[in-house]
Amino acid sequence: MDYHVFINSLLEYYQLYERGLKKQANKYIQDYVISLSQWDKDKLRDVLFHFTKELCDEQGYDFCKRGNGRIPYALDVFLRDYLYSECLENKMPQLRWFYELYKNDKFGVNYARNMLEKAYLSEKCDTKTVELFFYMWIEILAWGLHHFPNGCLITKEAMENAVKQCKKIISEKDVNEKFRKQLEYFETLYICYYQFEEDNRTKTFEDYCHQADIEFICNNAYYYNY
């Protein structure tokens, strides 16, 4: 019953927002979040747990998203505080959920990677956590080659550390073959780049890629096949 009340209240916000009454919608959700803080703590914890599970693991409730694709700001902050308090107790899957929801958040980003690492080290680490943790390092490699072959956005040490972390995960967990191939591709591409630099660019970068039997097409951005 409590959860249905909660969801229906969010639906009310969404209906106001969709009608173009954004100020009223924002005022409504701000007032509702204040009322949530008066709920019984155990009851509120259960509701927020269920809601976050639906968001992260069931991909449910698109109706509560709008504009930039995030849930209403006031509720978002409230939910972040709830998850942060749960993460302080190293609870799973809350640690993973925090990363999923707040890895790009202005404030949550400062904690997100740490939460995901704790999730990975947890006895309750699940397959999705492993994939997210592995891909967190893959994203560093992907970012670094964004301007290849004109330059590299990360240091060689950062590249080597990201590769090392990925291989460590592979040695400890069951990692999807697609992710393994991504790592192999990126590592090879960096080897080509460093050789290209060491040889003072006497040949084209594509020559090194061809020799390594990988494909790289550059057009002011990076494109890759694996």
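Aromatic pairs number 25 in this structure, which is a predicted model where local features need pLDDT of at least 70, side-chain atom pairs count only at pLDDT 80 or more, and totals for chains, interfaces and linings use all residues. Rings of Phe, Tyr and Trp (its six-membered ring) pair if their centres lie within 6.5 Å; planes under 30 degrees apart count as stacked, over 60 as edge-to-face and the rest as tilted. Residues are numbered from 1 along each chain as its sequence is written, and side-chain values use heavy atoms, leaving out hydrogens and water.

Let's start at Phe-148. Its ring and that of Tyr-190 have centres 5.3 Å apart and planes at 70°, so this pair is edge-to-face. Phe-148 belongs to the loop between α7 (127-144) and α8 (156-172), while Tyr-190 sits in helix α9 (residues 177-198), 42 residues apart. Helices here are DSSP runs (H or I, at least four residues), numbered from the N terminus. Both Phe-148 and Tyr-190 are buried, meaning under 20% relative accessible area with a 1.4 Å probe, protein chains only.

Phe-148 also pairs with Tyr-193, this time stacked, at 4.3 Å centre to centre with 10° between the planes. Because Tyr-193 lies in helix α9 and Phe-148 in the loop between α7 and α8, the pair ties together parts 45 residues apart in sequence. Tyr-193 is buried, as is Phe-148.

Step back, and ring pairs link Phe-148, Tyr-190, Tyr-193, Tyr-194, Phe-196, Phe-205, Tyr-208 and Phe-216 into a cluster. Tyr-194 has Lys-156 over its face, 5.0 Å from the ring centre; such a charge counts if NZ of Lys or CZ of Arg is within 6 Å of the ring centre and within 35 degrees of the ring normal. Lys-173 lies over the face of Tyr-120, at 5.4 Å from the ring centre.

Conventions:
Helices (H or I, at least four residues) and strands (E, at least two) are DSSP runs, numbered from the N terminus. Buried means under 20% relative accessible area, exposed over 50%, partly exposed in between (1.4 Å probe, protein chains only).
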